[in-house]
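Come along and look things up with me.

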Amino acid sequence: MVASFFDKKNVQAYHSRLISARIARQTVFSGDSLHFARSGASESGVLDAGLLPRLADSLRPEDGAVQYRLSGATERGRPVLRLEVCATLHLVCQRCLGEFVHAVSLLSVLPVARDEAELARWERDDPLLDALVAERHMDLPALVEDEILLSLPAVPRHADGACAAAVTWKV
Ligand SMILES: [Zn+2]
C-alpha cells in the first residue's frame, strides 16, 4: 500500500514537471498584441537568457529564468498590456567595478495603439506616454528586454559605503 502510494505520487510529480516545462516553452506569447490586450487574457511564463540577448551578460543560470506575466486590460478607454517582470541581474558597479546584484520587479502598463496615427494622437495628448503600436506577431522577449533595460538605474552602483565591503569580500 505504502509503496504504491509513493509510486503514484512520484508519477504525478514527474508529469507535473513535464507539463510545466512544456508550458514554459510554449507560452512565450507571439500573437496579435492588440487582440490580446482587448481579450483581457492573461498568461505567465519564463524566458531563458538565450531569448534575451541584450541581457545575457547580466543573467546567471543559478538565479533562474526571467519570470513574466502578461495581461490584457482596458484602462481609460484604451486597450493596454500589463507586463509584470521579475528577474535577478548582475550589473557592474560604476564606482568600484565590483559586481552589483540588482533585483528587477516591474510592472509596465502599455497602451496598444491600432496604428502609428493613433499612437501619434495619443502622444500629442501625453508626450511621456509609453505606448506600443499593434503588432500581428508580437515579440514578447524583446518587449521584456526593453522594459527591464528602461527600469535599470542610469548609473548602477552599490549602496553608499558598500563598495569597500564588496572589494574586501572579493579579495
Ligand atoms: Zn561598488
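A term to settle before I start: I call two strands paired if DSSP finds at least two bridges between them.

**Entry: the model.** What I have here is a predicted model. I looked up the confidence and found that the protein chain averages a pLDDT of 85, with 80% of the residues scoring at least 70. Over residues 1–5 the pLDDT is below 50, and this stretch has zero contacts in the model beyond near neighbours in sequence. I reminded myself that where pLDDT is low, the predicted coordinates should not be read in detail.

**Entry: the β3 and β4 hairpin.** I counted six residues between β3 and β4 in their hairpin, and in the turn I found leucine 97 with a positive phi of about 65°. The two strands pair in the antiparallel sense over 13 bridges. I followed one of these from leucine 91, whose bridge partner in β4 is phenylalanine 100.

**Entry: the β2 and β3 hairpin.** Which residue takes a positive phi in the hairpin of β2 and β3? I found arginine 76, with a phi near 50°, in a hairpin that has two residues between the strands. Pairing here is antiparallel, over nine bridges. Along the way I noted that glutamine 67 stands opposite cysteine 86 in β3.

**Entry: the whole sheet.** In what order do the five strands lie? I read β1-β2-β3-β4-β5, an open sheet with mixed pairing. At the edges I found β1 and β5 (132–133), each of which pairs on one side only. I then checked β4 and β5, which pair in the parallel sense over two bridges. Valine 133 in β5 is the bridge partner of alanine 113.

**Entry: helices on the sheet.** I traced helix α3 (residues 116–125) lying across β4 and β5, where it runs at about 105° to β4. Next came α4, which packs on the sheet, touches β1, β2, β3 and β4, and makes about 65° with the direction of β3. Helix α4 covers residues 140–151, and I get 17 Å from its first C-alpha to its last, close to the 16 Å expected for its 12 residues. Which residues of α4 are buried? I listed Leu140, Pro141, Leu143, Val144, Glu145 and Ile148. These buried residues pack against β1 (42–47), β2 (66–75), β3 (78–92) and β4 (99–113).

**Entry: the core.** I looked for the largest nonpolar core and found 23 residues, with Leu81, Val112 and Val144 having the most contacts inside it. At least two residues of this core come from each of α2 (33–39), β2, β3, β4 and α4. β3 gives the most, with five residues. I picked out leucine 81 and, leaving aside its neighbours within four places in sequence, found it in contact with Ser33, Phe36, Ala37, Leu70, Gly72, Leu110, Val112 and Leu132.

**Entry: arginine 82.** My last stop was arginine 82, in strand β3. Why does arginine 82 count as partly exposed? I counted 16 other C-beta atoms within 10 Å; a residue needs 20 or more to be buried and 12 or fewer to be exposed, so arginine 82 falls in between. Setting aside neighbours within four places in sequence, I found arginine 82 in contact with Ser71, Ala73, Leu107 and Val109. I also noted that arginine 82 and glycine 72 are 10 residues apart in sequence but 6.3 Å apart in space, C-alpha to C-alpha.

Note on methods. Residues numbered from 1 in each chain as written. Predicted model: local features only at pLDDT ≥ 70, side-chain atom pairs only at ≥ 80, totals over all residues. Helix = DSSP H or I, 4+ residues; strand = E, 2+ residues; numbered from the N terminus. Expected span 1.5 Å × (residues − 1). Contact = placed C-beta atoms within 7 Å. Core = buried A, V, L, I, M, F, W, Y, C linked by C-beta atoms within 7 Å. Axes fitted to C-alpha atoms, helices over the stretch in contact; angles between N-to-C directions. pLDDT = per-residue confidence, 0-100.
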